[in-house]
Amino acid sequence: MGGKQQEDEASGKPAKYDPSFRGPIKNRSCTDIICCVLFLLFILGYIVVGIVAWVYGDPRQVLYPRNSTGAYCGVGANKDKPYLLYFNIFSCVLATNIIMVAENGLQCPTPQVCVSSCPDVAWTVEVSQFSQNVGEVFYAANRNFCLPGVPWDMPVIQSLQQELCPSFLLPSAPALGRCLPLLNSTPPELPGISNNTSISQGISGLLDSLNARDISVKIFEDFAQSWYWILVALGVALVLSMLFILLLRLVAGPLVLVLILGVLGVLAYGIYHCWEEYRVLRDNGASITHLGITTNLGAYRNVQETWLVALIVLAVLEGILLLMLIFLRQRIRIAIALLEEASKAVGQMMSTMFYPLVTFVLLLICIVYWAMTALYLATSGQPQYVLWAPNASLPSCEKVQMNTSCDPMAQPVNSSCPGLMCVFQSYSSTGLVQRSLFNLQIYGVLGLFWTLNWVLALGQCVLAGAFASFYWALNKPQDIPTFPLISAFIRTLRYHTGSLAFGALILTLVQIARVLLEYIDNKLRGAQNPVARCIMCCFKCCLWCLEKFIKFLNRNAYIMIAIYGKNFCVSAKNAFMLLMRNIVRVVVLDKVTDLLLFFGKLLVVGGVGVLSFFFFTGRIQGLGTHFESPSLNYYWLPIMVSILGAYVIANGFFSVFGMCVDTLFLCFLEDLERNDGSLDRPYYMSKALLKILGKKNEAPPGDKKRKK
């Protein structure tokens with residue numbers, strides 16, 4: 001008796017009967033006010049950071065290409081010149097690499113000029129034109145491809161030596177705002193361009209071997225041809241998800257039984273397969289003693305000990321599962337009944353199925369705001385330009401001080417150093433905003449994690465409040481509130497913003513610690529020894545487990561907040577103690593629910609994927625002209641989009657159902673502790689649960705006689 005009492009004290013005292021309790025408490029007060037104030041102040045600071053970024057930032061560098069003078073193409077003075085032309089695109093592959101090109105915003109070590117249209121024919125400056133002036137060779141022939149400010153009477157040879165005008169042109173087409181040569185173009189024979197340098201090599205130096213325009217156009221064409229069929233596939237996924245959840249009230253029991261038998265069958269086949277492999281290898285004498293220790297893990301498939309170990313593990317799992325079915329069958333029946341009850345609750349409140357759309361919109365707003373703020377912050381400051389030459393080690397360039405600041409509007413005139421240019425280096429770090437740029441970006445990342453976790457917490461608490469009002473309705477469905485979801489949403493925002501912010505902050509700190517650990521591990525990966533890697537792996541594993549535990553604790557704390565309206569710490573403690581007093585039921589329900597929802601996702605995503613594959617590959621015949629599969633460049637593209645969309649839809653629907661199951665389960669445990677089925681303390685649970693538990697109410701719920 002003493003041991004039982006100590007165990008009850010360790011897990012907290014059971015909930016006591018409260019005659020005034022009738023579901024989610026309406027007369028409640030604000031909780032965790034300090035956290036609410038801190039969160040609102042943080043959001044205010046986050047808005048100020050966004051305003052500062054908007055004032056000082058200049059995102060045009062990623063939206064518009066920039067010429068050699070630093071001016072943007074397509075805006076301002078270059079409004080009629082939206083495309084960027086590279087004088088010598090082969091320098092992108094001859095003198096740099098794709099990483100440096102990407103970091104510099106697709107800038108190559110060659111002069112660049114904004115043009116109104118890309119050249120459509122190949123052209124090369126002839127030797128006889130060297131003595132002519134720029135106006136005759138370029139301007140008069142409508143070749144407006146020289147840098148701004150090049151005079152009409154400048155000799156062509158001088159303009160080429162100073163790289164003020166291009167020495168050749170290739171037929172090009174605009175892609176990403178830049179004139180990229182067509183792949184079938186023939187490169188000219190000029191110094192610095194070897195015979196094996198092809199057009200594709202030059203473009204690959206800029207876009208990493210991808211013909212971005214060709215692929216992007218084909219992808220756009222595929223989406224234009226198949227977008228309505230993709231919407232049809234997503235509609236099928238939506239219908240399948242809703243039908244699966246709503247039909248669980250009828251087929252939850254048989255479906256869970258089939259799934260459990262399926263798992264047993266898979267394990268049984270695994271045991272049989274391992275035995276057959278072990279028997280064959282044993283008869284052949286293949287043993288690990290002949291193999292020894294090797295780093296080739298595939299070699300262990302050919303030794304008998306490997307299959308013997310796998311056989312033992314699978315046999316143990318099979319035995320554990322069978323024992324669970326025998327001794328926990330009553331709790332499995334309770335889990336199935338709760339799943340059926342959750343299906344009924346969702347059917348009574350269909351609006352809850354579409355609440356993930358609200359969460360999605362709020363998450364999208366948080367992500368877009370952070371992305372725009374980070375972009376504006378990264379582009380704050382004035383651009384800096386420095387002197388650069390493709391080969392600074394030449395004797396004629398020794399007198400030039402490379403990497404010194406210069407004016408891009410006044411091109412270098414030092415003809416003794418070939419290819420000397422004033423190029424963009426970076427944005428200045430002077431000024432208060434620029435000096436605080438790193439701190440502001442860290443603030444933005446913290447704001448991203450905190451707001452995302454708060455939005456997810458809001459969704460969980462709102463859904464918990466709606467589903468709790470279903471369970472604690474004594475006479476269903478008459479006693480269910482008219483607008484339970486809207487009431488829960490308003491109640492949560494009005495009273496519990498601080499509690500949600502508190503739980504979200506705890507989770508945010510753990511997630512940021514994981515991000516920092518991943519960053520440190522990535523930076524030190526090359527210098528780590530095996531011991532350091534093992535320690536780092538242990539730290540990452542511990543933080544992963546901690547994050548999972550906090551998510552589990554927060555989820556149940558939000559349910560208690562939605563029901564009782566207490567602060568985060570008290571709600572988390574009460575939820576944890578309640579679960580610890582019913583730990584076996586928790587484990588069984590969690591695993592049965594996971595198995596069922598996994599099968600549901602597999603059914604929806606797999607069904608949509610198979611249907612999309614057969615349709616978009618034209619394997620479904622006889623549907624008529626209105627249902628023919630479109631002609632596509634990449635048939636896998638709409639298939640993958642349909643599968644991804646089906647997973648997102650199924651995950652959204654099943655997340656609502658999972659929250660419903662967890663909420664009803666906590667209410668069910670509270671119901672068992674608060675009530676005893678008497679006239680004054682009737683159970684609120686369904687008749688199916690009462691029958692499984694062997695309990696009953698002395699008067700049916702809602703019967704007026706029990707009040708007498």
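1. Helices (H or I, at least four residues) and strands (E, at least two) are DSSP runs, numbered from the N terminus. The two sulfur atoms are 2.0 Å apart and form a disulfide, a term used here for a pair of cysteine sulfur atoms within 2.5 Å.

2. Before going on, please keep in mind that this is a predicted model, in which local features need pLDDT of at least 70 and side-chain atom pairs count only at pLDDT 80 or more, while totals for chains, interfaces and linings use all residues. Residues are numbered from 1 along each chain as its sequence is written, and side-chain values use heavy atoms, with hydrogens and water left out.

3. How exposed or buried are the partners of that link? Cys118 is buried, at a relative accessible area of 14%, and Cys179 is buried at 2%. Here buried means under 20% relative accessible area, exposed over 50%, and partly exposed in between (1.4 Å probe, protein chains only).

4. How many disulfides does a search of the whole structure find? The search finds 3. One of them joins Cys73 to Cys114, with an S to S distance of 1.9 Å. This link is left-handed, with -80° about the S-S bond. Cys73 sits in the loop between helix H3 (60-63) and strand S1 (83-86), and Cys114 in strand S2 (residues 112-115), so the pair ties together parts 41 residues apart in sequence. Both Cys73 and Cys114 are buried.

5. Cys146 and Cys165 are also joined by a disulfide, S to S 2.0 Å. Their link is right-handed, with 115° about the S-S bond. The pair links distant parts of the chain, 19 residues apart: Cys146 is in the loop between helix H6 (134-139) and helix H7 (156-161), and Cys165 in the loop between H7 and strand S4 (168-169). Cys146 counts as buried at 7% relative accessibility, and Cys165 is buried at 3%.

6. Cys667 is in no disulfide. Cys660 counts as buried at 0% relative accessibility, and Cys667 is buried at 1%.

7. Leaving aside neighbours within four places in sequence, Phe668 is in contact (heavy atoms within 4.5 Å) with Ile334, Leu338, Tyr471, Met685, Leu689 and Leu693.

8. Lastly, a look at helix H12 (residues 304-327), where Met324 has its place. Met324 is partly exposed, with a relative accessible area of 35%.
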